[in-house]
Amino acid sequence: MTITHCPLCGHETLESRSGDYRFETPPDFVGEAVVVGDTEWFECHQCGEHILPHPLSQAIERELSRRAAFAA
Ligand SMILES: [Zn+2]
């Protein structure tokens, strides 16, 4: 998977990152940040946007909905 252009600002400033991705939950959300270990994503130097590959965003969504189910 190779991306170079940031979809937000259009600059060729995306850099691939790997390791543990930390997703800060919204302030109104119960629980701590979601951390997905040993994964890959992209960060834009220009605007600071994080671009998450589909499997990673899915993993975060699963975790958030799992917590939402607990909170309900
Ligand atoms: Zn950008």
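Tutor: What follows goes from the whole chain to the sheet, and then to a few single residues.

This is a predicted model, in which local features need pLDDT of at least 70, side-chain atom pairs count only at pLDDT 80 or more, and totals for chains, interfaces and linings use all residues. Residues are numbered from 1 along each chain as its sequence is written.

The chain has one helix and three strands. Helices (H or I, at least four residues) and strands (E, at least two) are DSSP runs, numbered from the N terminus. In sequence order the pattern is β-β-β-α. The C-alpha trace spans about 40 × 25 × 15 Å along its principal axes. Of the 72 residues, 7% count as buried. Here a residue is buried if 20 or more other C-beta atoms lie within 10 Å of its own, exposed if 12 or fewer, and partly exposed in between, with C-beta atoms placed from the backbone.

Now the sheet. It is open, with three antiparallel strands in the order β1-β2-β3. At the edges stand β1 and β3 (50-51), each with a single partner strand, so one side of each has no neighbour in the sheet. Two strands pair if DSSP finds at least two bridges between them.

Take the β1 and β2 pairing. The two strands are antiparallel and share nine bridges.

Then comes the pairing of β2 (residues 34-44) with β3, which is antiparallel over two bridges. F42 has I51 of β3 as its bridge partner. E43 stands opposite H50 in β3. The hairpin of these strands, β2 and β3, has five residues between them, and G48 takes a positive phi near 80° there.

D38 is in strand β2. Its phi is positive, about 50°, although D38 is not a glycine. Most residues other than glycine have a negative phi. D38 is exposed, with 8 other C-beta atoms within 10 Å.

The helix comes next. α1 lies across β1 and β2, and runs at about 135° to β2. For that angle, axes are lines fitted to C-alpha atoms, for helices over the stretch in contact, and angles run from 0 to 180 degrees between N-to-C directions. Helix α1 (residues 54-71) has 18 residues and reaches 25 Å from first C-alpha to last, close to the 26 Å expected. The expected span is 1.5 Å times one less than the number of residues. The number of buried residues in α1 is zero, so the helix lies largely in the open.

Finally, the segment before β1 (14-23) holds H11. H11 is partly exposed, with 13 other C-beta atoms within 10 Å. Leaving aside neighbours within four places in sequence, H11 is in contact with C6 and Q46. Two residues are in contact if their C-beta atoms, placed from the backbone, lie within 7 Å. H11 and C44 are 33 residues apart in sequence, yet 8.3 Å apart in space, C-alpha to C-alpha. Across the chain, among contacts between residues at least 6 apart in sequence, 52% join residues at least 24 apart.
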